[in-house]
Amino acid sequence: MSGARDITLVGRDAPLWLAAAALRRALAPAGVTVRAVELPAEAGTADLYATLPAIEALHAQIGIDEAALLRGARGAFTLGQNFVDASGAGRPSFLHSYGAYGTGINGGDFFPHWVKARHYGLGVGLDDFSLTASAALGGRLFFPDTDSEVYGRSDYGYHLPAAAYAKSLKAIARHLGVELFEAASVAVERGGEGVAALRLDDGRRVESALFADLTCERLLSSGPFEAWDTPGDRVLSAVAPRPAALPAYAEIRASAGGWTGLFPSLTHIHIEHVFSHASTTDEAALRAAQSIAGLSLDAVTIRPFAAGVAAEPWTDNVIALGDAACVFDPAHGFALHALQLCIVHLLAAYPADGAGYAARRAEYNRVLRSHFARVAEFQAAHHALQRYSGAFWDSARALPMPDELAHRIDLFTARGELPPLEDESLPPDSWRALLVGHGILPQSWRPAADRLPPDEVKAHFRKMLGFVREAVLRQPTHDACLARILQPAHG
Amino acid sequence: MAEPYRIVILGGGTAGWMCASGLAGLLAAADYDITLIESDEIGTVGVGEATLPHIKSFNDMLGIDEAEFMRATRGTIKLGIEFADWLRPGARYIHPFGTFGDRWASADFQHHWARARLAGTDNRSLQDYSFAVAAARANGFEHPNTDPKSIRSTYSYAYHFDAGLYAAYLRAWATARGIRRLEGKVVDVRRDAQSGDVERLTLASGAEVAGDLFIDCSGFRSLLLGQTMGVPWLDWSAWLPCDRALAVPCASVEPLTPYTRATAQRGGWTWRIPLQHRIGNGYVFSSTFCGEEEARRTLLGALDGEALDEPRLLRFQAGRRAAGWAGNVVAVGLASGFLEPLESTSIFLIQAATTDLAALMPRCGERADPRMVREFNRLFEIHHDRIRDFLVFHYTANERIGEPLWDHVRTMPLPDSLAHKLALFRESAVAPDYKLGLFSRDSWLSVLEGQGVLPSAASPLTHRLPAADLQARLDDLAERIAVNAADMTPHADFIAGYCAAGTAIRPAASVA
């Protein structure tokens, strides 16, 4: 057997085209044919992808221009997610922003010094030390420059309306040479080593060395799917009118029966409301979403979801990508992150040459399962540590906790340290935002921090806070920035 | 102000004094009271004269002047390890402290190398794409260039030194910074009846030393962690059968090589470590496959210069304790585990345990916190287990057919994690690349190729470089390496000008 010189993707909407474009762009020079079998679109007016900053690298690899993307998709920037208690438990809100907290002091990390200072009465929270968080809360965007890069990371993600994003990506995939097959449905012909061919509803038959399954119904996949317990199992999507000044972040409001996400795009606020069918009817969920958002909702759809992971995302000659490999709880906008992890690791293991690919398949499965577990732990931590009121959140707190996560929370609680782990795709400051945001002030700090006199640390802190305040004031508002991008480009 | 937290280190030697110095460098002096107990009657093992580049960051953290330290320890430079006769007699390669080539078109260098090799357009070894290898072969050394665009920035370095002198150097450093040194042998260990924690040590003089945390640097005896706390030993001799070492110094010869040499022998392997004033030599062998007399003859027959002493025998077993920290006892160095010095990992493991411990150290008034003990032990396991796989791999991929030791290690079942790494590289040129623990992708690559494990395919991403472009880039890289290595300062001249023992102390030359 020689290498796999063709791969056929089956899916729909943005994930199909993102994967097809990325594979084609990377593998065309090696002579790999990429086919996309497109099932009827499901993304509606209300659907939107919230992305992590990492997506920018994938877009760049495909050759996507950021301004053109935002123009075409009518998207917006996001600096993070603000978690707000609307359940009546009185928990303070916190921002999970995409930037770093503070800057190093004499070659040592910032965080232990902050923990120590809090114990000695410092009144300033982490956000004031973050360019990104300060900008978001101050109604501005933050674009990194040389000075800010020296201070610390300041990233952003996007809010991309799903249907328009898919349309842009499809045009790019076609332009790159992806072969398109539209189909109302497909039947799968299995052979000795996985899938032999696809039979499209119009009678066409598509053979391929490899197949990629991007369908949420896992049309091509044969192995078991391990379910993850989540407090919610239904998601309502809707749109609402946008406010005059567009926030530069998403807001996630916890209420007694679930949570409501507000995601600004250029033209709307997109609403997501997650609840459990066991305790809430669809009608009650709609009323709750409307009331929590405080907006009148339009284009409402309600769908079930089931979080979990494929036991072996690559089985025989079928590679699961995105939803077919792993479905996260919608709470943190990790859907495209899961897809990106799949694409990156498939490219690293793609068997265009060689006599077989058993080891590469095993590696893909090993690495992805490990990556997915780390991301799922982030969500499990959110569920375990929140103190919101209501049955939905009580059931979230009762979910089982993986040992690795219990250790991570223990160590952070005891010493403010995050255990270094392989295959961790979220930066340490995301974890700090989450754990501190849910009320953990570490009980102690790395003793090395005690070597520095407190007055010296105070002086460093004052300098940081001043730098952040001034840097943020120089930044544009979200609306000003989008207006600039919407102007067609000149020479 | 609260009483300081009392740390008692049992044992001098490299582990004890590195640990004492590292803690003094990382903890606030006012909060910790550190005592080290050593006995002149108990010799130190003192092997591990070769180090890894990490030691430079340890010395830098302590603020140690490099030239002064090298002068005091009769130190020389180490750019890597040459493995001779490991694949088969006559075969040799260097595991360098440096990179192989660059990442091009989003694919790691070895994929481009594999592509050109499989296409038949390039027949160079990976070794030809390492500046550190070329410099080592040319017996040259200069400090690395700090401009990342320069080919002369693509390596780091470690040292060969006299470990006894290093321990003495650190002893002076540490005692000058308030570490208390007690002379004496421990004759009794008293534990708290309820918690099982160690409370105090009694010395032969009758003196008692109480502490909050005890660090066991007692060497193979593992007096506190093994004997007192009863933490079991995990035996790895099924994978690493060598259990003896004979060590002997010999007179120096020219040229002064800037690398360690490890030569495979019938019953194990011999080391050669050039210092300023002598060459350290030894034979690590398996008593199952080689007698002591044969080992002695082999070792003495392999010396480059006149033997300066009688060969000294050490007995050991490969393995580690099930945990490095139990109750209020932490073991550092040989008291926590032993891996043969094939990749000079002993001193690194002392450094890692010390820095991990410093970050997780209890404070005054606290007992050892099980949450931090768990993290220390998690890291302890990762460090040891990853080194084990890397060492086992040197043995298993060999073509020394007909030699009983080598037949045994070639055919023994491998740890699953290692078997997968080898299969993956053979199939696709994807090399092990992990974040935690020792040995980078480049380290694995050097040994994979050197032990004859070759890829049968490369990443398709390599095709984003046109084939002609690729060959031009490869040729350019090999030439830049060869030309630059040829005009390196000879290692012997570097040592003479920078840090020769017996010369006056003067400021270190600035690094360009």
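**Figure 1. Overall dimensions of chain A in the predicted model.** Because a compact globule of 491 residues would have a radius of gyration near 23 Å, the value of 23 Å found for chain A agrees with that expectation. This is a predicted model, and the legends that follow should be read with that in mind. Along its principal axes, the C-alpha trace of chain A spans about 75 × 55 × 50 Å. Of the 491 residues in chain A, buried residues make up 52%. When contacts in chain A between residues at least 6 apart in sequence are considered, 77% of them join residues at least 24 apart.

**Figure 2. Secondary structure of chain A, with a view of an open sheet.** Chain A contains 15 helices and 22 strands. Three of its strands, in the order β13-β19-β22, form an open sheet in which the pairing is antiparallel. The edge strands of this sheet are β13 (225-227) and β22 (326-327) of chain A, each of which pairs on one side only.

**Figure 3. The pairing of β19 with β22 in chain A.** Strand β19 of chain A, made up of residues 308-310, pairs with β22(A) in the antiparallel sense, and the pairing runs over 2 bridges. For a reader who wishes to locate this pairing residue by residue, Val309(A) has Cys326(A), in β22(A), as its bridge partner.

**Figure 4. The contact between chain A and chain B.** The contact draws 33 residues from chain A and 31 residues from chain B. On the side of chain A that touches chain B, the elements that give two or more residues are α1 (13-27), α9 (335-349), α10 (358-385) and α12 (403-415) of chain A. The largest share of this side, amounting to 5 residues, comes from α12(A). Sorted by class, the side of chain A that touches chain B has 19 nonpolar residues, together with 4 polar and 10 charged residues. For the complex, the predictor gives an ipTM of 0.95 and a pTM of 0.96.

**Figure 5. Confidence along chain B, with a view of residues 505-512.** Chain B averages a pLDDT of 94, and 97% of the residues score at least 70. Over residues 505-512 of chain B, however, the pLDDT is below 50, and this stretch has 9 contacts in the model beyond near neighbours in sequence.

Definitions and conventions: Residues are numbered from 1 along each chain as its sequence is written. Chains are lettered from A and ligands numbered from 1 in the order in which they are written. This is a predicted model: local features need pLDDT of at least 70, side-chain atom pairs count only at pLDDT 80 or more; totals for chains, interfaces and linings use all residues. Two residues are in contact if their C-beta atoms, placed from the backbone, lie within 7 Å. Helices (H or I, at least four residues) and strands (E, at least two) are DSSP runs, numbered from the N terminus. Ala, Val, Leu, Ile, Met, Phe, Trp, Tyr, Cys and Pro count as nonpolar, Asp, Glu, Lys and Arg as charged, and the others, Gly among them, as polar. pLDDT is the predictor's confidence in each residue, from 0 to 100. The radius of gyration is taken over C-alpha atoms; the globule rule is 2.2 Å times the number of residues to the power 0.38. A residue is buried if 20 or more other C-beta atoms lie within 10 Å of its own, exposed if 12 or fewer, and partly exposed in between; C-beta atoms are placed from the backbone. Two strands pair if DSSP finds at least two bridges between them.
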